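Dear colleague,

I am passing on the structure we spoke about, together with some notes on what was found in it. Please look through it first and then read on.

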Amino acid sequence: MLLRTDDLTLITSKTERFLEITKDVPVMCATQPKDILDNLDHVDSVIPLVKKYKNATIVQHGYDHINRAKDDEKKCEFPSSRNPDDFISDIIKGKKILEDNFKKQFYPVFVPPWNRFGHNYQILSEVGFVGYEDDEGFLDMQPKKGWIDSDYFWRKIQTDDTIHGLMFHHEWMTDEQFKFLEQLIESGVISWKSIRESS
């Protein structure tokens with residue numbers, strides 16, 4: 001099972017808490033390159049913190065996480081209405097930003113913001129990505145929309161064999177939700193895989 005959090009960009013108390021709770025299992029951190037670049041010299045740059053946690057793997061979360069969908073489309077940084085010629089250079093630039101700053105902790109998997117990519121993923125493999133992850137196969141723990149209750153969680157985990165990962169947004173989590181994650185990891189009932197093993 002993959003363990004994923006999205007929007008890892010700055011050091012906050014919740015970033016620190018999430019990384020500390022997950023320190024003994026592989027964790028995939030979807031990260032926007034533009035935010036990393038913009039905050040390179042900021043005191044709260046997440047780079048030195050992530051380097052303390054060798055279990056954390058950085059993957060690319062779009063480029064700047066800005067919605068460019070038309071009014072009749074769902075939110076998407078790379079909607080079908082956007083010409084690949086207008087964004088492929090940003091994706092390549094973003095990959096280099098993450099490679100340069102996270103070194104071996106970066107793994108070239110692409111995670112589109114809002115879990116949507118309106119184009120053939122083949123164009124990503126052509127610029128060096130070995131895989132992609134959207135929300136297919138992930139159980140979204142939904143800390144902002146309404147936390148998944150324990151009974152539903154265990155029923156889903158035990159009966160739905162399409163689930164291969166849990167998706168969190170650490171910045172939205174409450175104390176109760178962090179406690180749930182901590183207890184889940186400590187229980188040892190789930191076998192966690194790294195994204196390197198899975199892609």
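Two strands pair if DSSP finds at least two bridges between them, and strands (E, at least two residues) and helices (H or I, at least four) are DSSP runs, numbered from the N terminus. This is a predicted model, in which local features need pLDDT of at least 70 and side-chain atom pairs count only at pLDDT 80 or more, while totals for chains, interfaces and linings use all residues. Residues are numbered from 1 along each chain as its sequence is written, and side-chain values use heavy atoms, with hydrogens and water left out.

The sheet is open and has seven strands in the order 5-4-3-2-1-7-6, with parallel pairing. Strand 5 (131-132) and strand 6 (138-140) stand at its edges with a single partner strand each, so one side of each is left without a neighbour in the sheet. Further in, strand 1 (residues 2-6) pairs with strand 2 (residues 27-31) in the parallel sense over three bridges, and Asp6 stands opposite Ala30 in strand 2.

Turning to the helices, the axes (lines fitted to C-alpha atoms over the stretch in contact, with angles from 0 to 180 degrees between N-to-C directions) of helix 1 (residues 13-21) and helix 7 (residues 175-187) come within 10 Å and cross at roughly 15 degrees. Helix 1 and helix 7 are therefore roughly parallel to each other, a term for angles under 35 degrees. In their contact (heavy atoms within 4.5 Å), Lys14, Arg17, Phe18 and Ile21 of helix 1 meet Asp175, Phe178, Leu181, Glu182 and Ile185 of helix 7.

With kind regards

Key
Angles under 35 degrees count as roughly parallel, over 145 as roughly antiparallel, 65 to 115 as roughly perpendicular and the rest as oblique.
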